[in-house]
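Dear colleague,

Please find below the sequence and the structure that I am handing over to you. My notes on what was found follow directly after.

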Amino acid sequence: MIEVVIDSIRISLISQQRIVMLRDIDGERQLPIWIGPCEAESIAVELQDTEVARPLTHDLLKLAVNALGGKVSHIEVTELKDAVYYAKLYIDQNGEMKEIDCRPSDAIALAVRVKARIFISEEVMAQAAIQPEPDISEPEEGAEEAGGDAPVELDAFKDFVDTLDFDEED
């Protein structure tokens with residue numbers, strides 16, 4: 001199992017669906033998981049330490065687990081089948097580990113509330129992990145011109161602009 005942390009929650013510009021990005025704590029690989037807007041908001045509320053007037057669904061689950069003498073040990077995203085992720089929630093109840101099938105989005109929303117660790121199976125990471133694109137606002141190492149500030153990849157654009165003739169002829 002690979003331990004991950006929540007890197008970000010994003011909104012797809014195409015479909016307006018939410019995506020939680022889970023990042024490998026020992027590397028740069030990320031696992032995107034599409035989640036519903038309610039689950040995304042629930043995760044974001046907790047990550048941003050936002051006060052809510054009444055408990056949200058995942059707050060209720062946390063309270064119920066605690067009231068029944070349990071403690072969330074960790075969660076695992078265990079499988080990716082037909083573009084659907086599967087997860088398991090592990091609850092320690094009086095020394096007995098309970099394994100509960102659940103959606104990854106619900107498991108993550110609960111995990112952030114109880115500060116539980118999040119794991120992804122090796123197989124799922126191998127199937128679906130991505131490497132993040134470099135930030136275009138930050139030049140890559142070695143991409144600076146000697147003595148200049150412009151990244152090398154902008155040279156072609158600069159050359160093109162230099163060839164433009166802005167003088168109008170009548």
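Strand S5 and strand S6 (residues 96–102) run antiparallel and are joined by seven bridges; two strands count as paired if DSSP finds at least two bridges between them. Helices (H or I, at least four residues) and strands (E, at least two) are DSSP runs, numbered from the N terminus. Within this pairing, Lys-88 has Asp-101 in S6 as its bridge partner. Two residues lie between the strands in the hairpin of S5 and S6, where Asn-94 takes a positive phi near 55°.

Please note that this is a predicted model, in which local features need pLDDT of at least 70 and side-chain atom pairs count only at pLDDT 80 or more, whereas totals for chains, interfaces and linings use all residues. Residues are numbered from 1 along each chain as its sequence is written, and side-chain values use heavy atoms, with hydrogens and water left out.

S5 (residues 84–93) also pairs with strand S4 (residues 70–81), in the antiparallel sense and over ten bridges. Ile-75 has Leu-89 in S5 as its bridge partner. The hairpin formed by S4 and S5 has two residues between the strands, and Asp-82 in its turn has a positive phi of about 55°.

Gln-93 belongs to S5 and, at 26% relative accessibility, counts as partly exposed (buried means under 20% relative accessible area, exposed over 50%, partly exposed in between, with a 1.4 Å probe and protein chains only). Leaving aside residues up to four places away in sequence, Gln-93 touches Leu-68, Gly-69, Gly-70 and Lys-98, where contact means heavy atoms within 4.5 Å. Gly-69 is 24 residues from Gln-93 in sequence, yet their C-alpha atoms are 5.9 Å apart.

Helix H3 (residues 104–114) is largely enclosed by the rest of the structure, because nine of its eleven residues are buried. Those buried residues are Pro-104, Ser-105, Ala-107, Ile-108, Ala-109, Leu-110, Ala-111, Val-112 and Arg-113. Just after H3, Lys-115 takes a positive phi of about 60°.

In helix H1 (residues 37–47), the buried residues are Glu-39, Ala-40, Ser-42, Ile-43 and Val-45. Their cover includes strand S1 (2–11), strand S2 (18–24), S3, helix H2 (57–67) and H3. Asp-49, which follows H1, has a positive phi near 55°.

Finally, the largest pocket is lined by Ile-33, Trp-34, Ile-35, Gly-36, Glu-39, Ala-83, Val-84, Tyr-85, Arg-103, Pro-104 and Ser-105. On a 1 Å grid over the protein atoms alone, a pocket is an open set of points where a 1.4 Å probe fits, with protein on both sides within 12 Å along at least five of seven lines, and lining residues have an atom within 4 Å of a point. Strand S3 (30–35), S5 and H3 each supply at least two lining residues, and S3 provides the largest share, three residues.

Yours sincerely
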